[in-house]
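The structure is shown first.

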Amino acid sequence: MTAIDSWKEQEDDPVVHIDGRVDPRREDAYWQSVYWAQPYYRADCSYEDDYASAYCVGYIGYAQYGGSFDDAEKSLCANWLRIKGESRLSIGR
């Protein structure tokens, strides 16, 4: 089962939950409020155009892979390349 397959919309809760561990709306709101204070922040990049999709790969990857970066690195990179769109960010550690 992929992370996308595990997204569930609760009838009484309009928030989409990923496997019960991640609330995408909460994650997005958090990262949007703090991305500019991170050490990798670039002033020439915006949250919506550049960072949002990268954070999405991270929190969906956490739900999908359980937080083990070393085990998930190849899949996370593939997911990033698939959804990055016009983001000016690149893969790097």
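## Helix H2 and the chain around it

In helix H2, which spans residues 47–65, the buried residues are Tyr-47, Asp-50, Tyr-51, Ala-52, Ser-53, Tyr-55, Cys-56, Val-57, Tyr-59, Ile-60, Gly-61 and Ala-63. Buried means under 20% relative accessible area, exposed over 50%, and partly exposed in between (1.4 Å probe, protein chains only). Helices (H or I, at least four residues) and strands (E, at least two) are DSSP runs numbered from the N terminus.

The model is predicted: local features need pLDDT of at least 70, side-chain atom pairs count only at pLDDT 80 or more, and totals for chains, interfaces and linings use all residues. Residues are numbered from 1 along each chain as its sequence is written, and side-chain values use heavy atoms, with hydrogens and water left out.

The chain has three helices and two strands, arranged from the N terminus as β-β-α-α-α. Of its 93 residues, 30% are buried. Among contacts (heavy atoms within 4.5 Å) with a separation of 6 or more, 40% join residues 24 or more positions apart.

At the end where H2 starts, a side-chain oxygen of Ser-46 comes to within 3.1 Å of the backbone nitrogen of Asp-49. After H2 comes Gly-66, which has a positive phi, near 80°.

## The nonpolar core and Tyr-51

A nonpolar core is a set of buried Ala, Val, Leu, Ile, Met, Phe, Trp, Tyr and Cys residues joined through side-chain atoms within 4.5 Å. The largest such core has 16 residues, of which Tyr-35, Tyr-47, Tyr-51, Tyr-55, Tyr-59 and Leu-89 touch the most other members. Both H2 and helix H3 (69–83) supply at least two residues of this core, and the largest share, nine residues, comes from H2.

Why does Tyr-51 count as buried? Tyr-51 counts as buried because its relative accessibility is 3%. This residue lies in helix H2. Two of its distances are listed below.

| Pair | Distance |
|---|---|
| Tyr-51 C-alpha and Ser-87 C-alpha | 7.3 Å |
| Tyr-51 side-chain polar atom and Arg-42 backbone nitrogen | 2.7 Å |

Tyr-51 and Ser-87 are 36 residues apart along the chain. With neighbours within four places in sequence left aside, Tyr-51 is in contact with Tyr-35, Tyr-40, Tyr-41, Arg-42, Cys-45, Ser-46 and Leu-89. Tyr-35, not counting residues up to four places away in sequence, touches Tyr-41, Cys-45, Ser-46, Tyr-47, Tyr-51 and Tyr-55.

Technical notes. Polar contact = N/O pair within 3.5 Å; in protein donor to acceptor, adjacent residues only side chain to side chain.
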